[in-house]
Amino acid sequence: MSSYYKDTVKDALFPQKKGVITKRNKYLQPVAPEKMSGAQIKKLREKLSLSVSVFASVMNVSSKTVEAWESGTNEIGGAALRLLDMIKKNPDILLECGALDDKTALR
């Protein structure tokens, strides 16, 4: 866990010192992810240089699900939308969390 996160949470907890962030905390609040269209999902996948099947593995869904998102047949939501929002903002998270394994270091 990064020290930035720890420091931010510590600062947000300071006034009450209850040990957890709640919805009543006025210093740190959850932010809803922005909705993503099928075209935006496809653009992100292509920007990451991932095939549909690899992207599906990273997202822990089927290739058919990714195809449905990209075609607009299914709307993405819930945890998958949050994860895509995080990947969009910080693509390195895929390597940092182990969703992609960097084999280039072994060469």
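Residue D85 is found in helix α5, which spans residues 78-89; helices here are DSSP runs of H or I with at least four residues, numbered from the N terminus. The model is a predicted one, in which local features need pLDDT of at least 70, side-chain atom pairs count only at pLDDT 80 or more, and totals for chains, interfaces and linings use all residues. Residues are numbered from 1 along each chain as its sequence is written, and side-chain values use heavy atoms, with hydrogens and water left out.

With a relative accessible area of 8%, D85 is buried (buried means under 20% relative accessible area, exposed over 50% and partly exposed in between, with a 1.4 Å probe and protein chains only). Leaving aside neighbours within four places in sequence, D85 is in contact with P33 and E34, where contact means heavy atoms within 4.5 Å. P33 belongs to the loop between α1 and α2 and is partly exposed, at a relative accessible area of 21%. Not counting residues up to four places away in sequence, P33 touches L81, R82 and D85. Looking back along the chain, P33 and V9 are 24 residues apart in sequence and 20 Å apart in space, C-alpha to C-alpha.

V9 leads on to helix α1 (residues 3-13), whose buried residues are V9, A12 and L13. These residues cover an arc of only 95 degrees around the axis, which puts them on the same side of α1; the arc is that of the directions from the helix axis to the C-beta atoms. The face of α1 turned away from its buried side carries the exposed residues S3, Y4, K10 and D11.

The axes of α3 (residues 52-59) and α4 come within 8 Å and cross at roughly 105 degrees, the axes being lines fitted to C-alpha atoms, for helices over the stretch in contact, with angles from 0 to 180 degrees between N-to-C directions. That makes α3 roughly perpendicular to α4 (angles under 35 degrees count as roughly parallel, over 145 as roughly antiparallel, 65 to 115 as roughly perpendicular and the rest as oblique). On the α3 side, V52, S53, F55, A56 and M59 meet S63, V66, E67, W69 and E70 of α4.

The axes of α2 (residues 38-47) and α4 come within 6 Å and cross at roughly 125 degrees, and α2 and α4 are therefore oblique to each other. Here G38, A39, I41, K42 and R45 of α2 make the contact with V66, W69 and E70 of α4. R45 counts as buried, at 9% relative accessibility. Apart from neighbours within four places in sequence, R45 is in contact with L50, S51, V52, F55, V66 and E70.

Which residues of α4 are buried? They are V66, A68, W69 and E70, and what covers them includes α2, α3 and α5. Just after α4, G72 takes a positive phi of about 85 degrees.

Finally, confidence: the chain has a mean pLDDT of 88, and 93% of its residues reach 70 or more, pLDDT being the predictor's confidence in each residue, from 0 to 100. In the chain, confidence is highest in α4, at a mean of 98, and lowest in α1, at 81. Where pLDDT is low, the predicted coordinates should not be read in detail.

Notes
Helices (H or I, at least four residues) and strands (E, at least two) are DSSP runs, numbered from the N terminus.
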